[in-house]
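Thanks for coming, everyone. Let me put the structure up, and then we'll walk through it.

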Amino acid sequence: METVTITMKNPPALYLEADNVSPDTFAGKTAAQIGDLSVHEGNTTSTLGKYFEISGNAGASAADTKIVIKGDVKKVKYLGFKMSAGEVAVEGSTDQYAGAWMTGGKMQVKGNVDAFAGIAMKGGELSIEGNAGNYLGAAYRGDWRGMSGGRILVKGDAGSDIGMYMTGGEMIINGNVDVHVCTHAEGGKVIIKGNAKTKVGGQMVDGTIFVFGTIDVMMPGFKPAGEVEMEVDGVKGKFAHYIGDTGERHKKKKGQVVYANLYKKI
Amino acid sequence: MSEYIIKNGHVFDPVQGVKGDKADVSIKDGKIVDKVGSGAKVIDAKGKTVMAGAVEIHAHIAGPKVNMGRIYRPEDKLFTCTPTRGMERMGGGNSIPTTFKTGYEYAKMGYTTAMEAAMPPLFSRHVHEEIRDTPIIDEAAFPVFGNNWFVLEYLKDHEIENTAAYIAWLLRVTKGYAVKVVNPGGTEAWAWGLNCLSVNDPVPYFDITPAEIVKGLIEANEYLGLPHSLHIHPNNLGNPGCYETTLDTLKLAEGIKARNKFGREQVMHLTHSQFHSYGGTNWGDFESKAKEITDYVNKNKNITIDTGNVTLDETTTMTADGPFEHHLTGLNHLKWANIDVELETGSGVVPYIYSPNISVCAIQWAIGLEIALLSKDPMRCYITTDHPNAGPFTRYPRVIKWLMSTKAREAQINAFKHKDKVLSQTGLGTMDREISLYEIAQMTRAGPAKSLGLSGMCGGLKPGMDADVAVYDFNPDKPVVNPDDIEKAFSRCAHVFKSGVEVVTNGEIVNNGHKRTLWVNVKVKENPQVMRDINEKFLKYYSITQANYEALGHHFVPNPYTVEVDATQVQV
């Protein structure tokens, strides 16, 4: 695997949209060619090389390419956009749409990410060592197709509206989350090791949420379905089981109504 | 204005009966002429196809329900935006493009005139603001009449003269072009939570049937002698078995002759007939009745139709048929918007994915093509996708490919997950007709222009007509090796002229033209009763005053083209 290192030297005054920073676009290009790829700052289109120092050539394919991003990229959006293979490692924090629409490969962020990270993600692994913002693994505005595959791991906290319209895949949040978890979800699994606030699983028709900590206010549409002993992500324990959202339309499978499941650790 | 001569192209012009002969087309002062001077700019069309600019007879491209789709489907613009480039302003959207993109896309495919198929009269100002902002193409809008309280009240007592006077008034104040009917009575019934699924279901409160509404409006339309006929989306759209309702609707035109000075021969235009040609009793035994519908249409010369081809895309359905959209959201569980337009109409919007993996969608695709292939008179059957309902208008080149090539149809049939269903529930698999370029010119140019009463102006290349010309990079002398070449050629014109101005060169917009809004100004005898009724309705029911109703002046219709009709001498 070849490594391309891009280092922020000339930070943008506005926010920078760097949707070309992915192993798929870098593949087969030399450092000089990578520097010529376009980026947008406000309404101005310029080149990646104007902001970043680029060293190393990319591999022949996305799978053979690793991108290491150094320096302050807190104002850079769309890192790892639509990546299908290879690796992206961000050494600091980054702005919105990190790993958005990714379908494969691995993306790792040492710091925090802002909103819309991993939205409509189909595959691959996105791991965030700091905190994640709102709409993590959610659907694009207006769309009904959220995260459908892959894994998102967050060591810190996550914001609101995570997993909105999620249909598959897995999300593990080690810290706490803000309001609205898995709204409208039709599948997938979300594990919250900290606390949740309100509207957990609102309008959810399928899929599973685990909450290890507290839930401030339960949705009235979820009803108790007993207690179960189980092991979740290496943690054994007793969970209160709820099914819902009973205010919604639900599919039937083999004559049985399919509900979303909410497990809260006791 | 400049002079042009388009030299040595293969010309297809049904108006003059030219079937691909090598000929020159001369343009001067915005019109087609016999000859031009030696200083005329020469366009080399050797080995290319030359046709008149195409005429769109039915699409939803401007107004409140289109905009509702744009507002509530931001995802339709995802990854489809194009920035400002050359003559083009920024645009975006796939099934519901922005106004600018709409104009550019039509022009690039060689379309120069388009009809907005359903204008809610109350929102005519909005419709005209969007039409104004759609560059290049000439446009007109059809106000909807089929659920309008005035119409329901007049026709209940069969008052044709009053209905006609009201139509004349409404066309004038909304700058409308033709009489459109959507689910007659059914959308009004929807305001009561009901629907009219047959032509004999009574409309609640008004106590009138869809049959009475349709027949009355045809009579009023012919009383006035409007350029276009009644343009109808019948009751019971999109349901298995709906073809019987469609036949009942078509029979309402029996025995009525067209009366107008525009050369129009039909008294009823059945739109998006694909959605109205379904047999079966449920989605399991759903089948094509394209043959039954086209057999009837082939025999009855006072009817024209358009196809409404399903293009197998993700799209946005939108119609003034409010109850149908509610039914649809119940089927696909996607987001639903509903709008009521006081006293006049209503509408609904639901996204829809015509998936090639779903048997019903594949059968719908086949039915649309069957209708075109079974129609004996291409001058009476026009290609549409009921944009955006069965697919975006930008797919016309693909529909043309399917119609012109059995090889392309077979390839698509073989790609379906439920190929067997397409073969057992429709007749498409046994059809080997390939539509010719001449027939394409009939179905997209001369035919719709004649049906709209515009045959003297557009849809042909006869000297004296507007110089709307499309040059396609397609050589009819060479055999088609790959059907995709047809799609490619029809997607982006080599040259397009609109009213004598070159607007497209090599698939790129080079001029924004002088876009016009067509509307029909009918003079009728003074009718104090109707004027009093209009006053009274505004005082009693409308939430706005009459002074704020009219689409008037330069802001709304900056460049009008008025079609004048005189109905003051009509004897009943």
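What share of the contacts in chain B with a separation of 6 or more comes from residues 24 or more positions apart? It is 77%. Two residues are in contact if their C-beta atoms, placed from the backbone, lie within 7 Å.

Some ground rules. This is a predicted model: local features need pLDDT of at least 70, side-chain atom pairs count only at pLDDT 80 or more, and totals for chains, interfaces and linings use all residues. Residues are numbered from 1 along each chain as its sequence is written, while chains are lettered from A and ligands numbered from 1 in the order in which they are written.

Now chain B as a whole. Chain B has 17 helices and 24 strands. Those are DSSP runs, numbered from the N terminus: helices are H or I with at least four residues, strands are E with at least two. The radius of gyration of chain B is 22 Å, close to the 25 Å from the globule rule for 572 residues, so chain B is as compact as a globular protein of that length. That radius is taken over C-alpha atoms, and the rule is 2.2 Å times the number of residues to the power 0.38. Along the principal axes, the C-alpha atoms of chain B fill a box of roughly 65 × 55 × 45 Å. Of the 572 residues, 59% count as buried. Buried means that 20 or more other C-beta atoms, placed from the backbone, lie within 10 Å of the residue's own; exposed means 12 or fewer, and partly exposed is in between.

Next, a helix pair. Helix α5 of chain B covers residues 160-174, and helix α7 of chain B covers residues 210-224. Their axes come within 9 Å and cross at roughly 70°. Axes here are lines fitted to C-alpha atoms over the stretch in contact, and angles run from 0 to 180 degrees between N-to-C directions. So α5(B) and α7(B) are roughly perpendicular. Roughly perpendicular covers 65 to 115 degrees; under 35 is roughly parallel, over 145 roughly antiparallel, and the rest oblique. Residues making the contact include B:I160 and B:I167 of α5(B), and B:Y223 and B:L224 of α7(B).

Stay on α7 of chain B, where B:V214 is found. Is B:V214 buried or exposed? B:V214 counts as buried because it has 26 C-beta neighbours inside 10 Å. Beyond four places away in sequence, B:V214 touches B:V181, B:P184, B:I232, B:T249 and B:L252.

Last, the chain pair. Six residues of chain A are in contact with seven residues of chain B.
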